[in-house]
Amino acid sequence: MPFLDWFLYHSVAMWLLLHSFVLMAFCFHSATTFPKGCYPSTEDGFKTFRCSRAQLTVIPKDIPNDTNKLYLDYNQISFLPNDAFQNLPLLVELDLSHNVISRVEVGAFRGLSEHLHSLDLSSNKLVSVNKDVFNSLKAKANLSSNPWLCDCTLQQLIERVELVAGTSDGIVCDASARKEHIGKPFLQLVGDIDFCNIYKKTTDIAMLVTMFGWFAMVISYLIYYVRQNQEDARRHLEYLKSLPTPASPLFLSSKHQKPC
Ligand SMILES: *[C@@H]1O[C@H](CO)[C@@H](O)[C@H](O)[C@H]1NC(C)=O
Ligand SMILES: *[C@@H]1O[C@H](CO)[C@@H](O)[C@H](O)[C@H]1NC(C)=O
């Protein structure tokens, strides 16, 4: 049966070829699906996606939508656009630390639900972030090691965000309207200063100084007036004493005009 032999031989060869082709396609497929340097795993029952130190400059696309933990730390990401994590509704942990993020759009974390309990934005280039960025988020955040501008915007952000325990001293002023704040932990300053009411405070002080100024002027005028009158009265008395007695009232009143 040469034909059957030939057929069997070739079908096995074909099958092997097909098989390897499918395998190759599968490997190729997974290689293109996951961004370079990223790999998925399951850690403690959490679907984890790691892209640490992958030289990424943007948030990668095609992150599996059932990811629970996403590590994007130690990359070169500089910007978080609106809806950057929109199709990751099961995310509980997001690590964006050690990047160069300087700009975060207001809707960047839109779509992340209250499932998210940890958000690491530490060691980035954040200067100012709108508090509304954290709307609808309940995550604890690490905002340490960023070049923060200490102002009303940061105060409102801190009021809005729950910080990871022990990280508050890591929020240090890199810039501030007042030089003496630079290098100080923001939360130590917020105890004494209301950054959103500095203007009101200075106007209050200006009002106080002005009022005190007026008050001082009135008092000194009064003192001057009393002294002057005392002097006049004394002179007047001396003048009266020097007059020959008895003096007629008419003479007295006409003379009286003179020192005044
Ligand atoms: C992920 O995407 C698939 C296909 O688009 C969808 O069927 C599934 O419900 C999504 N899973 C989640 C958790 O959103
Ligand atoms: C917060 O971020 C800083 C700077 O990256 C890091 O040293 C620290 O360990 C982080 N803290 C926590 C509790 O994750």
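**Ligand 2**

I started with Asn 142, where a polar side-chain atom sits 2.3 Å from an oxygen atom of ligand 2; a polar contact here is a pair of N or O atoms within 3.5 Å, and within protein one must be able to donate a hydrogen and the other to accept it, with residues adjacent in sequence counting only if both atoms are side-chain atoms. The protein covers 50% of the 360 Å² of accessible area that ligand 2 has on its own (Shrake-Rupley method, 1.4 Å probe; for residues, only the protein chains shown count as cover).

Before going on, I noted that this is a predicted model, where local features need pLDDT of at least 70, side-chain atom pairs count only at pLDDT 80 or more, and totals for chains, interfaces and linings use all residues. Residues are numbered from 1 along each chain as its sequence is written, chains are lettered from A and ligands numbered from 1 in the order in which they are written, and side-chain values use heavy atoms, leaving out hydrogens and water.

Back at ligand 2, I found an N or O atom in the side chain of Ser 122 at 2.8 Å from a ligand oxygen, and one in the side chain of Ser 123 at 3.0 Å. The surrounding residues (a heavy atom within 4 Å) also include His 98, Val 164 and Thr 167.

**Ligand 1**

Which residues are around ligand 1? I listed Asn 65, Pro 89 and Leu 90. The protein covers 29% of the 360 Å² of accessible area that ligand 1 has on its own.

**Confidence**

I read an average pLDDT of 84 for the protein chain, with 79% of the residues scoring at least 70 (pLDDT is the predictor's confidence in each residue, from 0 to 100).

**Disulfides**

I counted 3 disulfides (cysteine sulfur atoms within 2.5 Å). One of them joins Cys 38 and Cys 51, with the sulfur atoms 2.1 Å apart. This link is right-handed, with 120° about the S-S bond.
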